[in-house]
Amino acid sequence: MEKKQFQLNDIVEMKKQHPCGTNAWKIIRMGADIRIKCEGCQHSVMIPRKEFEKKMKKLLVQADAE
Ligand SMILES: [Zn+2]
């Protein structure tokens, strides 16, 4: 099974799309809770890391690791 990896500024797809019709979220804060921002309407939500890992579907755009 593929392990989910993500880091700050990555764009991820969730299992459920946002009501605005977009399913691309940018990780804008990492911690015990993860804050993600909808790329469509800029709405942001904070969810516990465990829940995020469960709800995240895949990584869409990996942030530059410079
Ligand atoms: Zn949205």
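**Reading the fold step by step**

Mentor: Start with one residue. Lys16 is exposed, because 8 other C-beta atoms lie within 10 Å. The cut-offs are these: a residue is buried if 20 or more other C-beta atoms lie within 10 Å of its own, exposed if 12 or fewer, and partly exposed in between, with C-beta atoms placed from the backbone. Two notes before we go on. Residues are numbered from 1 along each chain as its sequence is written. This is a predicted model: local features need pLDDT of at least 70, side-chain atom pairs count only at pLDDT 80 or more, and totals for chains, interfaces and linings use all residues.

Trainee: Where does Lys16 lie?

Mentor: Lys16 is in the loop between strand 1 and strand 2. Its C-alpha atom is separated by 8.6 Å from that of Met56, 40 residues apart along the chain.

Trainee: How many helices and strands are there in the protein?

Mentor: Helices (H or I, at least four residues) and strands (E, at least two) are DSSP runs, numbered from the N terminus. The protein has one helix and five strands. From the N terminus on, the order is β-β-β-β-α-β. The radius of gyration is 11 Å, close to the 11 Å that the globule rule gives for 66 residues, so the protein is as compact as a globular protein of that length. That radius is taken over C-alpha atoms, and the rule is 2.2 Å times the number of residues to the power 0.38. The C-alpha atoms fill a box of roughly 30 × 25 × 20 Å along the principal axes.

Trainee: In what order do the strands form the sheet?

Mentor: The general idea comes first. Strands of a sheet pair through backbone hydrogen bonds, either parallel or antiparallel. Two strands count as paired if DSSP finds at least two bridges between them. Here five strands form an open sheet in the order 4-3-2-1-5, and the pairing is antiparallel. Strand 4 (44-48) and strand 5 are the edge strands, each pairing on one side only.

Trainee: How many bridges join strand 1 to strand 5?

Mentor: Four bridges join strand 1 to strand 5 (residues 56-61). In that pair, Ile11 stands opposite Val61, and the bridge partner of Glu13 is Lys58. Now look at the other side of strand 1. Two bridges join strand 1 (residues 11-14) to strand 2 (residues 25-29). There, Val12 stands opposite Trp25.

Trainee: What do strand 2 and strand 3 form?

Mentor: Strand 2 and strand 3 form a hairpin with three residues between them. They pair in the antiparallel sense over four bridges. The bridge partner of Arg29 in strand 3 is Arg35. Strand 3 and strand 4 form a hairpin too, with five residues between them. Five bridges join strand 3 to strand 4. One of the partners is Pro48 in strand 4, which stands across from Asp33.

Trainee: Which residues form the largest nonpolar core?

Mentor: A nonpolar core is a set of buried Ala, Val, Leu, Ile, Met, Phe, Trp, Tyr and Cys residues joined through C-beta atoms within 7 Å. The largest one has nine residues: Phe6, Val12, Trp25, Ile27, Ile34, Ile36, Cys38, Phe52 and Met56. Strand 3 gives the most to this core, with three residues. Across the protein, buried residues make up 14% of the 66 residues.

Trainee: Which residues does Phe6 touch?

Mentor: Two residues are in contact if their C-beta atoms, placed from the backbone, lie within 7 Å. Phe6 touches Val12, Ile27, Met56 and Leu59, not counting residues up to four places away in sequence.

Trainee: What is the phi of Gln42?

Mentor: Most residues other than glycine have a negative phi, and most peptide bonds are trans. Gln42 has a positive phi of about 70° although it is not a glycine. Gln42 is in the loop between strand 3 (33-38) and strand 4. It counts as exposed, with 10 C-beta neighbours inside 10 Å. Asn9 also has a positive phi, near 75°. Asn9 sits in the segment before strand 1, and counts as partly exposed, with 14 C-beta neighbours inside 10 Å.
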